Amino acid sequence: MNCKIVQRHLLAAEDPESPPADVQYHLAVCLACRQWQRRLGQIARHVLQLPVPPSAARADLLDRILNPSSRARAAAPATAEERGWRKVVTTLRLRSRAGLSAAAAAAALLLVVLAAWVLWGRQDQNGPTAIVEQPVLTDPLVARLLEQDVRLAAARTPQDRVKILADLADDLRTETHNLVRTADVADLRDLAEHYQRVVLQGVVKRADGLRSLPARQRRAVLDPIAAQLARAERDATMLALERPAAAKPFGMIAKAAHEGGNQLSSLPRE
Amino acid sequence: MRLASFDFDRAETDEHALVRQAQRGDRPAFAVLVKQYWDRLYRWMYHLTHNRHLAEDLAQETFLKAFAGLDSFRAGTNFRAWLFRIAYNSFLNQCREDARTRQPFPEQLPAAGQGPAEEAMSREAMRLLARTVGRLPPDYRAAFLLRVEEGLSFRQIADVLDITEQTARWRVFKARQKLMSVLSPQLDREKS
């Protein structure tokens, strides 16, 4: 067993101070590895000394728990709004791995509704449809998706719909970026697939319906979206390079943004 | 019941019994659990967020969620793992809401020279340690701190973070590797 292997064993050990026998044998004869082990332990012990500012919040919390009458909020039942979407999302999160799949699942649910609208339904209704009063949402992604859903339902013109779908795509892309450090690759891939669908089956398809518009109006709508897609492609490509573990989802986003941009630029300019 | 009049040193200190009592609605029993776990949970949250107020909010939210959800806690299982898991989920939710988790590092650092001479780290090394721990990816940092500060096994870390034991081991491995790569040269310089 060489020093490199021994050091990897120590890094992976539950307790590097008490490694397995074969590692201990090496340590007994290798001064460098003993010093390396000592340093590892030294660092861990000093983590315990890292300062944390004092907190007075415990007393407040205890007061809330012990004197519920003075603090009605302690363990108070959720409000009607909280029992709505928040309960669904929170419950799903607590059940889901790292709490992230559920948000994607909730997003997926909304996207199914959106997709139905985008692809098959309510093609060119005039005027907004009735909007049901929405509950307060605490999950930012789901809240934004629902907001976009409501905006889509209320959109009066084809160009408004294209813009809203582009915003929706950008929300999904931003969310994927935000989650790069905490989410599983599977979750990131889910979000990337949603992004792909919204760009290629939503934005591009709807943009094609703008051919009848005067060129200037069409460009006013599509040029900013093309720029947005170019930025998305560049950012996603960089992230795919920087984070090999997440290369696939970001590659999907980059590819969708690239294809979307190409298809928008293939529309007649004049 | 006033806080000042509450006897925290009550004879009943067995955790399982306290949880059972709290599940029956015994608020003082739950208060004892808060007292036992507040400092550790708050410290973990502070290291994850680098924000005192946010750490306090998350710790309070965790205990209130735990109190409200005590019915779902299975008696006899690990209360600490359950509590820390609620806290971690709250932290993840917070991460999604904003980018406040990257705060400046505290300037208040322990004086150099604490502990045995061979063990002591300089103020500079401590600052570097704080910065490096703070810059670990949150999931690595969470697992590493549970191992170092809470002394949890990889199995218990896996339970808290809802990951596999192998993933827990991997995250601790990567955190240690990063800390060694950054801190070792500094410690070597100080030694020479």
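This is a predicted model: local features need pLDDT of at least 70, side-chain atom pairs count only at pLDDT 80 or more; totals for chains, interfaces and linings use all residues.

Reader: OK, and how many aromatic pairs does the structure hold over all chains?

Author: Over all chains there are 13 aromatic pairs. Take Tyr37(B) and Phe79(B): their ring centres are 5.9 Å apart and the planes sit at 50°, so this pair is tilted.

Reader: Which helices do those two lie in?

Author: Tyr37(B) is in helix α2 (residues 27-49) of chain B, while Phe79(B) is in helix α4 (residues 79-97) of chain B, so the pair ties together parts 42 residues apart in sequence.

Reader: Is Phe79(B) buried or exposed?

Author: Phe79(B) is buried, at 1% relative accessibility. Tyr37(B) is buried too, with a relative accessible area of 6%.

Reader: And why is the pair of Phe73(B) and Phe79(B) called edge-to-face?

Author: Because the planes of Phe73(B) and Phe79(B) are at 90°, and over 60 counts as edge-to-face. Their centres are 5.6 Å apart. Phe73(B) is buried as well, with a relative accessible area of 5%.

Reader: Switching topic: what pLDDT does chain B average?

Author: Chain B averages 81, and 80% of the residues score at least 70. Over residues 1-12 of chain B, though, the pLDDT is below 50. Residues 100-118 of chain B also stay under 50.

Reader: What are the ipTM and pTM?

Author: The model scores ipTM 0.79 and pTM 0.53.

Terms used
Residues are numbered from 1 along each chain as its sequence is written. Chains are lettered from A and ligands numbered from 1 in the order in which they are written. Side-chain values use heavy atoms; hydrogens and water are left out. pLDDT is the predictor's confidence in each residue, from 0 to 100. Contact means heavy atoms within 4.5 Å. Rings of Phe, Tyr and Trp (its six-membered ring) pair if their centres lie within 6.5 Å; planes under 30 degrees apart count as stacked, over 60 as edge-to-face and the rest as tilted. Helices (H or I, at least four residues) and strands (E, at least two) are DSSP runs, numbered from the N terminus. Buried means under 20% relative accessible area, exposed over 50%, partly exposed in between (1.4 Å probe, protein chains only).
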